[in-house]
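This report looks at aromatic rings and at the residues around them. Please have the sequence and the model in view while reading.

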Amino acid sequence: MIHQTLTTGWKLRRTDETEWLPAEVPGSVFSTLLKEGRIPDPYYRENEGLVRSASYFDYEYTLTFTPSENLLKQEKVELIFEGIDTLGEIFLNRIPIGKTINMHHAYCFDVKNIVTEGQNHLSVILRSPSRYTEEQHRRLPLRSPHGSMVGSAYLRKAHYMFGWDWGPQLPDLGIWKRVYLRGYSHALLTDVWIQQNHTKNRVELDISVHLSSPSTGEVTIEIELEEPSGDTKVTRQPLQGNYSRMKLNIQNPELWFPNGYGKQPLYRVGVRLRNRKEVLDERTYRIGLRTIVLDRSPFNGGRSFKFRVNGIPIFAKGADFIPMDNLLPRQTPERIRALIRDCARAHFNMIRVWGGGIYPEEALLDACDEYGILVWQDLMFACMVYDLNPEFLESIRREVVEQVTRMRHRACLALWCGNNEIEWMLHEGRFDSCLNPKIRADYYRLFECVLPDIVRSLDPVTPYWGSSPSSGYDSENPNDERFGDMHYWEVWHGLKPFTAYRSKVPRFMSEFGIQSFPPLPTIESFTIPQDRNIFSPVMENHQKNAGANGKIFHYIAETFRFPKNFASLVYLSQLVQAEGIRCGVEHWRRHRDVCGGTLYWQLNDCWPGASWSSIDYFGRWKALHYYAKRFFAPVLLSLEDEGKKVSFHVTNDTMDVFKGSCRYRLCLHNGECLREESFLIEIPPAMNQKVAVVDLSNVISIEMGRRVYLRYTLLDEAGKVLQEDSLLFVKPKHFEWMPSRIRIDVAPDGNSVLVRSDGYTKFAALHYQGRDILFDDNFFDLYPGEEKIVQILQQTSEEPSAQDISVFSIVDSFE
């Protein structure tokens with residue numbers, strides 16, 4: 001087989017203009033226009049609207065290429081576009097060869113009788129997505145999500161590009177994946193299906209291979225299995241017809257586990273189609289040996305919703321992933337890998353790939369396989385209903401078939417989910433203004449018939465879940481906490497206090513969130529000084545949830561004193577977010593016997609602005625991600641306070657018995673210890689236990705409540721501190737804070753920072769002026785006269801200097 005990539009020499013123009021610009025493929029129109037200075041940075045200040053207007057024009061990509069002599073000799077020559085965004089008309093040597101209507105699947109065109117010797121001219125005309133969706137919306141209006149342009153339901157294009165309540169309206173277009181010519185004169189591998197059968201100390205690989213046509217001559221299927229150790233085994237089988245099935249036994253297999261439950265060994269499976277002379281076609285897969293089950297057995301008046309990997313119940317810990325950029329060429333493998341690495345650092349074992357974006361690229365799946373991050377995979381449908389017609393439905397079928405067959409061998413794949421929130425919205429009547437009997441019937445046809453049939457036929461091992469949230473039709477209410485997964489938004493959208501999280505014990509919490517502003521350097525990247533007021537036009541433009549800057553301020557006012565300046569407000573917004581999410585996660589972990597996991601909204605951003613993310617657009621950790629590293633720890637000590645009565649809980653997510661101790665100290669704000677106690681603990685695997693209840697009502701008067709804090713510590717059996725934190729008995733805004741002097745030193749090797757305070761300091765945040773440094777802990781508490789060592793996980797080439805590291809705490813945020 002001959003491949004010829006078509007990546008260099010592309011040009012781009014607007015169809016109503018004559019000037020051609022050099023273009024990158026893979027790439028996008030907006031990326032090219034930005035690079036060539038034809039549009040401003042869409043993320044700077046209020047440029048979004050200027051750049052959005054560019055989406056109302058048509059564009060043409062062109063390439064002149066010369067096919068190789070060997071390619072032209074082949075019996076079949078095909079032109080393959082792995083991804084076109086979205087409405088394309090393709091011409092080769094002025095002959096129309098096809099149209100595209102879906103960015104989520106590849107297109108293959110037979111060009112054997114069109115491609116010629118010498119120069120060939122390829123043209124791709126991309127029609128305006130914005131004009132098309134508006135025209136369709138005028139024909140039959142369908143509800144669009146908040147913050148979105150109208151009509152996006154009519155196009156199989158990443159919905160978030162049209163805007164969401166956390167992202168801009170920038171519907172880019174382009175040739176966003178590889179383009180190449182393929183020539184061959186023999187059968188090709190069209191489908192390889194690797195299934196696993198697990199028995200005691202043995203895994204059987206059942207490998208089915210389909211060809212594009214019956215093989216001719218002496219053709220062999222060759223399978224090479226490389227173990228994690230590097231040892232390889234090759235098995236061959238003669239092929240008759242266009243199908244082959246082979247079974248390989250692996251004795252004493254190394255099993256793959258999610259992060260925190262074991263290792264992630266990966267086996268490489270190479271599948272080759274060959275004759276006596278050469279390899280005709282080949283594919284390579286990396287697989288992890290594991291079983292996965294979604295346990296939905298009857299439980300406590302409802303049904304369980306727990307994942308089991310290799311028979312072990314997993315408490316899912318993580319967040320919801322969205323695309324990392326509105327300009328997709330900037331979502332590089334390096335950025336993707338760094339994000340997943342940061343998930344693993346924070347003890348994640350699952351992400352949910354949300355349904356309004358794009359299907360995960362290989363770089364994301366590779367990283368999740370390697371770091372042990374399970375993937376809850378939404379199909380790309382979210383928050384809208386769809387008007388199905390035969391062409392649209394066939395395109396969807398093709399999309400889902402391609403994605404399921406591409407991803408089904410992945411160790412990280414945990415669940416296929418039909419859509420995000422559509423079932424819930426139907427139940428709540430949010431589509432009533434545009435709902436007719438056909439549209440309602442189309443929902444059930446697509447998500448209860450077509451899509452589950454495809455998934456079950458192509459990947460019967462991975463569970464299919466119709467929507468998120470959903471009760472699985474065990475209840476009229478899709479968001480019933482007794483069944484299925486739940487989205488809870490009364491905290492935030494309903495302005496309920498953080499403690500409202502404790503009123504819910506769902507079977508699985510797959511969405512909940514609180515917003516914050518990104519770190520100050522990120523805000524500085526899209527503003528000028530006079531913009532830095534949260535109600536300025538620029539700051540409100542970078543806030544896509546209507547009225548949400550006011551909601552952030554509401555939660556700050558509920559918890560903290562009035563911020564003394566803009567930087568303090570940003571800092572407090574992150575504390576509000578982190579403290580709120582912590583309240584929910586710790587509560588649900590205490591109820592792990594009922595709740596199967598928590599995924600907060602959201603992990604990351606697609607542009608710089610206010611949002612629910614824990615990691616911002618530039619990869620900077622907010623306070624929430626540092627908190628997640630603590631509240632997702634494998635063994636967690638959490639407190640449940642009711643007035644002056646405090647319950648101590650230890651949650652053990654590991655498969656080992658945890659032995660250690662807990663201690664607490666009740667201290668005055670000047671550090672004087674009023675009472676202390678410690679107790680030994682032994683927590684069985686995969687269990688939460690209430691290990692102590694302490695009633696301090698006779699010790700803490702109402703007036704004293706503003707001057708005391710409870711310092712609590714978790715230690716392992718050897719006495720090593722695993723966790724330390726402090727609890728206030730009043731809101732932080734009512735506590736009588738005392739000023740503290742903080743000293744910072746950098747260790748001689750430059751790999752750690754030593755922080756010491758002469759007083760009780762809460763929410764201490766380290767910041768390195770002018771540089772991004774990732775610490776292993778931040779937004780922590782300091783205690784009088786004690787030193788805290790903070791490791792530097794990631795830094796630039798320059799050694800850090802103590803003079804450039806500052807610390808900001810709660811007492812610095814107000815006057």
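Rings of Phe, Tyr and Trp, the last taken by its six-membered ring, are counted as a pair if their centres lie within 6.5 Å. In this predicted model, the structure holds 48 aromatic pairs. One of them joins Phe 512 and Trp 588, and because the planes of these rings stand at 75°, with the centres 4.9 Å apart, the pair is edge-to-face. This pair links distant parts of the chain, for Phe 512 belongs to the loop between strand E29 (509-511) and helix H10 (520-526), whereas Trp 588 belongs to helix H13 (residues 566-590), 76 residues apart.

Both Phe 512 and Trp 588 are buried, and for Phe 512 the relative accessible area is 0%. Leaving aside residues up to four places away in sequence, Phe 512 touches several residues, among them Tyr 488, Trp 489, Tyr 501, Ile 581, Val 585 and Trp 601. The C-alpha atom of Phe 512 is separated by 8.4 Å from that of Gln 602, although the two residues are 90 residues apart along the chain.

Trp 601, one of the residues that Phe 512 touches, also forms one aromatic cluster together with Tyr 160, Trp 164, Trp 166 and Trp 354.

Rings also take part in another kind of arrangement, in which an arginine lies over a ring, as listed here.

| Arginine | Ring | Distance to ring centre |
|---|---|---|
| Arg 156 | Phe 381 | 4.1 Å |
| Arg 630 | Tyr 627 | 4.7 Å |

In the case of Arg 156, the charged end is the part that sits over the ring of Phe 381, while Arg 630 lies over the face of Tyr 627.

Definitions and conventions. Residues numbered from 1 in each chain as written. Predicted model: local features only at pLDDT ≥ 70, side-chain atom pairs only at ≥ 80, totals over all residues. Heavy atoms only, no water. Phe/Tyr/Trp six-rings, centres within 6.5 Å; stacked < 30°, edge-to-face > 60°. Helix = DSSP H or I, 4+ residues; strand = E, 2+ residues; numbered from the N terminus. Buried < 20%, exposed > 50% of the residue type's maximum accessible area, 1.4 Å probe, protein only. Lys NZ or Arg CZ within 6 Å of the ring centre and 35° of its normal. Contact = heavy atoms within 4.5 Å.
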